[in-house]
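Subject: Structure for you to look at

Hello,

Here is the structure I said I would pass on. Please open it and keep it beside you while you read the notes that follow.

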Amino acid sequence: MNKVSSFISLVNSNKELRKKILFTLGVFVIFRFITHIPVPGVNLDALRTLFNRNQFLGLLDIFSGGTLANFSIMALGLNPYINASIILQMVTMVYPKLEELSKEGEAGREKINQYTRIITVPLCIFQAIGMVALLKNQGIIIEGMLFPLALIILTMVTGTIMLMWLGELISEFGVGNGISLLILAGIVSRFPVSIWQTASAAGTISFSNLLVFLLMSLSVIAGIVFVNEAVRQIPVTYAKRVRANQVSGGQRTHLPLRVNQAGVIPIIFAVSLVLLPSMLARYLQAIPQANIAGFFQKLAATLNPDTIWYNLLYFFLVIAFTYFYTAVTFNPEKIADEIKKHGGFIPGIRPGQQTAKYLNKVLTRITLAGSIFLGLVAILPSIAKSITGVTTMSIGGTGILIVVSVILETSKAIKSQLLMTSYDRFI
């Protein structure tokens, strides 16, 4: 409590930081207000029923900040922007010009952000068309309405661009990463509803099960914090150089290798793939070829989220995608070349190829621990449901991981702001 009160007093004494926090909260209010403005011509009751039956749409609703379930004018949320960021990040690893651009500091990052915004627009249009087609087939979009479908698509694209703009405003004038904070706001906004549903069902759930569920939740949050902050420090020594009677180098530093290099991306990829059969079954159940439709329906029934096969496949897919994404985003050979180029070496390891093999060996081992943890977080709702019987408080392992990660990131941003202010006063 003393640390919390001292932290609050430090924030209150820092006028600039206080303005940034108030600005961020103001954008949150605007965001939550707009999420309740629905797109015209949509049957919201039928839409909520569809979301309760489809876990993939529920995952998309997490990244839309809760706007998709209400089908507001920001129904697509930040999904197209996130997809554009992932695509551009993966292309940067294989396209030399983009890789050089990413190393140009602030100017290079600004250009990459501009490319991300440009890619987001066609992705918005594509996803809006797909979402409208899906809802129309399900009878959720009301036929014979005054508003044409093109206007709905244009409204959804405009809403995503506006939401992206609000996120960038937070990043520039507020605290932390605006996109991440808006996703956090959408997830946290579900908590009151979940708590109310749990309280309403308290008569059917024993106190011991609620206590076990609470302990599991606290343990998972502590585990996420521990794994997110876990880093393997690889010692790196730089040789001394003498030029014009001046000695440079001779420093010892560390190369940090994170246990969770991939973040939440493997869970997104895995859940998209494991829920694909049920999505295909919905589309193919009306086709004349009964054999094909029956095959996908049986496959969807086998991979139902309540079955053990679904959870096993989900778990191993998360592990596989964690290794894949880590291999794409972290190149040991390039890191080894950079260390060698600057006259550095890992004690006991030869520079160059031997260093790359050593880094790859260490990364493979720590990624195994991180991937297993991500897999357990992914199937957490099923584990909690089977043990405690509590289903109303399950926001999903992905949601918990996002909330904890964003809170840690934002707290670091606030601490760095306070540290900068302290240095300014000292100077």
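In helix α2, the residues Lys-20, Phe-23, Thr-24, Val-27, Phe-28, Phe-31 and Ile-34 meet Met-162, Leu-163, Leu-166, Leu-169, Ile-170 and Phe-173 of helix α9. Sorted by class, this contact has eleven nonpolar residues, one polar and one charged. Note that the model is a predicted one.

Helix α2 covers residues 15-34 and helix α9 covers residues 149-173; their axes come within 9 Å and cross at roughly 170 degrees. Angles over 145 degrees count as roughly antiparallel, so that is how α2 and α9 run relative to each other.

Next, the nonpolar cores. The largest has 58 residues, and Leu-78, Leu-182, Ile-183, Ile-224, Ile-267, Tyr-314 and Val-318 have the most contacts inside it. Which helix gives the largest share of this core? It is α16 (residues 308-329), with eight residues. There is also a second, separate core of 19 residues, with Leu-68, Leu-76, Met-156 and Val-157 among them. As background, nonpolar side chains in soluble globular proteins tend to be buried together.

Last, the strands. Strand β1 (residues 231-238) pairs with strand β4 (residues 252-258) through seven bridges, in the antiparallel sense. One example is Val-236, whose bridge partner in β4 is Thr-253. Strand β1 is also joined to strand β5 (residues 344-345) by two bridges, and these two strands run antiparallel. Here Thr-237 has Phe-345 in β5 as its bridge partner.

Regards

Methods:
Residues are numbered from 1 along each chain as its sequence is written. This is a predicted model: local features need pLDDT of at least 70, side-chain atom pairs count only at pLDDT 80 or more; totals for chains, interfaces and linings use all residues. Side-chain values use heavy atoms; hydrogens and water are left out. A nonpolar core is a set of buried Ala, Val, Leu, Ile, Met, Phe, Trp, Tyr and Cys residues joined through side-chain atoms within 4.5 Å. Buried means under 20% relative accessible area, exposed over 50%, partly exposed in between (1.4 Å probe, protein chains only). Helices (H or I, at least four residues) and strands (E, at least two) are DSSP runs, numbered from the N terminus. Two strands pair if DSSP finds at least two bridges between them. Axes are lines fitted to C-alpha atoms, for helices over the stretch in contact, and angles run from 0 to 180 degrees between N-to-C directions. Angles under 35 degrees count as roughly parallel, over 145 as roughly antiparallel, 65 to 115 as roughly perpendicular and the rest as oblique. Contact means heavy atoms within 4.5 Å. Ala, Val, Leu, Ile, Met, Phe, Trp, Tyr, Cys and Pro count as nonpolar, Asp, Glu, Lys and Arg as charged, and the others, Gly among them, as polar.
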